[in-house]
Amino acid sequence: MWNKGGPRRDVHLIHSIWANFQTSMSNVIFGNRWRHLIGERDFWEHVGGIDVSMVPSSFGQANTRAFDSLLQKLQKCVPYGSSVVDLYAGAGVIGLSLAAARKCRSVKCVEVNKEAKYSFEKTASRLPTTVDCCISWHQADTSKEPLSWLIGSDVVVVDPPRKGLDPSLLTALQSLSFTKIKHNLPESTKRNVQNEKRPWILRGDTSVQINKEMGQGESQSSLPQTLIYISCGWDSFKEDCMSLLSRKAWRLEKVHGFNFFPGTHSIEILAVFKRGSGGNIKKKKSGKKKKPTRGPLDVIEDNLFEESLFDKIENLE
């Protein structure tokens with residue numbers, strides 16, 4: 001297969017071949033040891049206006065065209081000069097693209113998987129030289145002391161797995177209106193390390209600092225005013241959305257749907273929330289016979305599937 005589809009052939013089918021060693025007795029697919037066998041070591045994609053490095057252990061979107069469309073839409077929702085925290089960040093693709101496109105004051109990427117660190121460093125090394133932003137990547141579990149990551153940011157970006165937000169993070173987002181900033185908070189990256197049985201998690205904290213350091217006192221001076229939620233699971237997003245709106249700490253400003261998997265009913269959701277109550281979708285009153293009760297998210301769901309059809313047409317061009 002390599003002889004017929006390697007990089008020196010007319011039809012380039014295979015980029016590289018790697019071996020993974022899984023030695024633990026668990027249902028985790030990949031172990032924490034990789035060996036490069038043949039081909040190029042680094043795989044690069046261009047999405048969101050930046051070059052992104054990928055390794056075999058990286059999570060990447062299969063439909064890069066749709067993902068690029070989502071990133072362009074997301075960038076427009078972030079004010080220039082914002083301080084951004086990117087939770088469930090992976091290799092920091094979203095955060096780094098915002099640093100390049102929106103001239104952010106600071107970007108903090110938080111990810112639990114230690115394997116993403118290498119890709120983050122490689123991607124950051126190719127950022128335009130004009131980027132003047134405090135950029136950092138932190139290996140940490142956002143479900144532990146989530147408030148410490150939120151404080152100091154203007155914009156929070158979350159891209160959780162299909163199950164949705166961790167309950168502790170959801171609670172922290174709900175309670176932001178009642179949060180008072182204490183300037184003597186401990187350093188956010190200093191967390192108690194418990195016995196960790198997951199092989200892809202470091203036994204301790206590690207972080208990467210890119211470009212300048214944040215000014216003294218700047219990191220604890222604000223609370224987020226914008227929440228950007230990216231979701232691949234409608235059911236979990238619907239539950240999280242209702243929880244955020246129920247406390248009236250957030251209002252839903254806009255929602256977009258993207259068809260990452262043409263030919264299926266699955267859609268990727270991009271939702272923008274703003275701090276404060278009010279402004280959510282209201283049902284129109286009518287003198288006609290009442291129909292079964294449908295909430296605002298039911299209306300959004302209909303609109304999302306309709307919008308994703310247009311994405312589907314574009315992606316098939």
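Which helix does D240 lie in? D240 sits in helix 7, which covers residues 234-246. The model is a predicted one, where local features need pLDDT of at least 70, side-chain atom pairs count only at pLDDT 80 or more, and totals for chains, interfaces and linings use all residues. Numbering starts from 1 along each chain as its sequence is written, and side-chain values use heavy atoms, with hydrogens and water left out.

**The protein overall**
- You will find eight helices and twelve strands here; these are DSSP runs numbered from the N terminus, with helices being H or I of at least four residues and strands E of at least two.
- Of the 317 residues, 44% are buried, meaning under 20% relative accessible area with a 1.4 Å probe, protein chains only.
- Taking contacts (heavy atoms within 4.5 Å) between residues at least 6 apart in sequence, 70% join residues at least 24 apart.

**Around D240**
- D240 is buried, and its relative accessible area is 7%.
- Leaving out residues up to four places away in sequence, D240 touches G164, L165, L170 and Y229.
- L170 is 70 residues from D240 in sequence, yet their C-alpha atoms are 7.4 Å apart in space.
- A polar atom of the D240 side chain lies 3.0 Å from the backbone nitrogen of L165.

**The surface**
- The protein exposes about 17,900 Å², by the Shrake-Rupley method with a 1.4 Å probe; carbon and sulfur atoms supply 51% of that area.
- Strand 2, residues 33-39, contains L37.

Key. Buried means under 20% relative accessible area, exposed over 50%, partly exposed in between (1.4 Å probe, protein chains only). A polar contact is a pair of N or O atoms within 3.5 Å; within protein, one must be able to donate a hydrogen and the other to accept it, and residues adjacent in sequence count only if both atoms are side-chain atoms.
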